Amino acid sequence: MTNRTIDNNRRKFLKQAGAGMAAVAGAGMVPLRSYADDTLVVGMNIPMTGDYAPWGLPGLYDCEIIANNINAAGGVEIGGKSYQIRVAAYDHAYDTEKALQGFKKLVLEDDAKMVMMLGGSTVASVLPWATRKKVLTTTLLPSDITPDSDYLFATCESHPLYNVTGVVWLAQNYPEAKKAVIVTNNDAEYGLQSAATYKAAFEVAGIEVVDVNLHGFDVTDFAPIVSSVLAKNPDIFCMATSFYVTPLMEQLYHQGFDGKIISCTLDYYEEIIAKTSEEFVNGTIYQFPDFDDPMLNNEGIHFPDPGGFDAAFRKDHPNDWSAVAWEYPAILLNWIENAQRVGSGESEDVAKYLRNNSQNFVFGGGDWWGSQLWGLDHALVGRWPVVVIENGKARIQEYGDLSAWLADHTEVLVRHMKELGLRTV
Amino acid sequence: MLAKHRTLMTIVLILAGLLILPHYLKYHQQDFLIFLVVNVLVVASYRLVTLTGEWSLIHAVMMGIGAYTSGMLTKFLDFSFWISLPLAGVVAGLTAALLSFPLFRTTQFYFLIGSFAAGEAIRLSWIHFIRPFGGTSGISALPSPELLGIDFLEPIPYFYLTLAIVTACLVILYRIEKSRIGLTLHAVHWQAPLAESVGINTWNYRTLAFTTGSMFVGIAGALKVHYIGTVTPNQYGIGFMVFILIWLIVGGYKTFYGAILGVIILSILDEMFRELEVIRPAVYGAVLILFILYLPDGLESLPQKIASRIKGASPKGSHS
């Protein structure tokens, strides 16, 4: 993650240096930006630099690809009028102050009709203002949803709920695996949410969790952590984290773990293979597909030309594909679809439509969920892919039915969330 | 007397300028202005701590203590902002007073490291104890202040509120420095053995500066979080502490206005260079090194240096 961030940062810097210098020269009281009447602006208030950049920047690249394709094809027709789509981005570097500034800039100065965000504390900082001003906002972390966040929706990623589909698949295909350990960073935004979900999924699947290791963000040496959990002789090593997957995988490799590995994400798995071996990484289960996967051409997938999209991204950004690369575009496409249905791109109109109508989820299905956990049914859940590394390549094995699991086991999930001290209604 | 009037006039003009400034700024720049004014109080209060010669690395955490105190009082106990704001300062000040007992058993470098360790212990406890601190997510949906139906969620009213409170705090900090206590703090810094020889309890004065500075930064913390609406531990980490140090060193810590100058100029530069976020730490590092090498007394010494250069150059010119 760190090396990737640095690479991203370097590339970002080289690209932005020229533009940045020009911006510096002209900074100050420049007039408000105005776009033509036939342009709809969509905002991205995301981390493009810093440790969280891999969960922002690839999404921006992809939204630009989507917007360029739409515009090249003549734009989108909304309410009987054709519009060009423009993506306006603000780099908040995962800082709450900047997130608030950026959000206001996008809405009030760039006239963004919808603002996409990563989630966490940056969403919390904009939420009071966004709710007051009725600005349609999206997050990749449904745990940001609160009982009164009327304009916040999670229309794509249902972190960390989808993790249950991986566990269900693992239990079905490897019934002999009965003991699991969970390792994650001890934070309420990402790690603990995932840990609670995995614990619930393992309990439902009849798998015993023999150790949960919660470590801080300042850990640099994962050898002792991995040693201590492997001492419990687990059949399954579960990474309920997205931050430290690479160093954990390296340690598992060096310490000779030969059980099943399940993870929330496996970003930049090619690097992991390079640092370990293809044989070792093969069989790792996680939840985020590459978009050249043949299974994405199946019926029920609600994403146009995934293969072409994947190729277009990798042509310009060969090493930047991450879990979020397709998520922001999926949110953008969902917004366009809803704006077309309601005949308006205005925040309030689209938000109202979202609240009251069923949706097509990117991988099929699509139910609003969340009131049992966060107070509002503003998280769109549907089928979610279970991905396994095969011959050094990510391949979807099946689409798990998240809605069905939640319908049957929500109380288990809520219990585990509460046990870890996480916010529930 | 004339100089005093001139200073007063300058302050009045600056305040008048600040009163109209937000109306000419873009929306997100109004937010920036609020955070800048809060940071002025942060750095001015830190300077009070350093007057005794002890530089701490806990000031950002003290700001966090104020922020968490006010956030928790308003969110969980329904306190009014107007009560939680001074209490934020009181709790931060009391924490500093308690920490003074172990920390001021040391001085200089050991105090610096000790304060860092104490600060990290506090900050990590906010992360570890999800109840009541909220872990890394912190506490969100903090209420805005309420007064006479004014909408403090909007930037301009909140800016005026911040400006009023920060101005009042700065006046108090200035008066402290110019009082007998302030002179004693300087004496503790520059002539500690001599001060002790005439009966001054240096431990007491170091504690007083540390506690008072922490109290004011606690107020700054409360001001900030009730505008953002959320308080998280990452806002008050060592990264922010480094910024405070750089603002003070670059601005200069010998005069009251030097530190303020540092935070204003660097923050504006920072905002202008935000497109180059990736190299910002490197730029800050380079600026710090250059100032230490070539302008060790900070920006505050620049007019004097220029004046002396001109004076030094003139006679030479006339000879030639």
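A residue is buried if 20 or more other C-beta atoms lie within 10 Å of its own, exposed if 12 or fewer, and partly exposed in between, with C-beta atoms placed from the backbone. The model is predicted: local features need pLDDT of at least 70, side-chain atom pairs count only at pLDDT 80 or more, and totals for chains, interfaces and linings use all residues. Residues are numbered from 1 along each chain as its sequence is written, while chains are lettered from A and ligands numbered from 1 in the order in which they are written.

**View 1. Leu148(B) has a positive phi, near 50°, and is not a glycine.** Leu148(B) sits in the loop between strands S2 (146-147) and S3 (150-151) of chain B. Helices (H or I, at least four residues) and strands (E, at least two) are DSSP runs, numbered from the N terminus. Leu148(B) is exposed because 4 other C-beta atoms lie within 10 Å.

**View 2. Asp78(B), not a glycine, has a positive phi of about 55°.** Its loop links helix H3 (59-76) and helix H4 (81-103) of chain B. Asp78(B) counts as exposed, with 9 C-beta neighbours inside 10 Å.

**View 3. Six strands of chain A form an open, mixed sheet, ordered S2-S3-S1-S4-S5-S6.** Strands S2 (76-78) and S6 (152-153) of chain A are at the edges; each has a single partner strand, so one side lacks a neighbour in the sheet. Pairing requires at least two DSSP bridges between two strands. S2(A) and S3 (residues 81-91) of chain A run antiparallel, joined by three bridges. Ile78(A) has Lys81(A) in S3(A) as its bridge partner.

**View 4. The peptide bond from His159(A) to Pro160(A) is cis, with omega near 0°.** Pro160(A) lies in the loop between S6 and helix H5 (163-173) of chain A.
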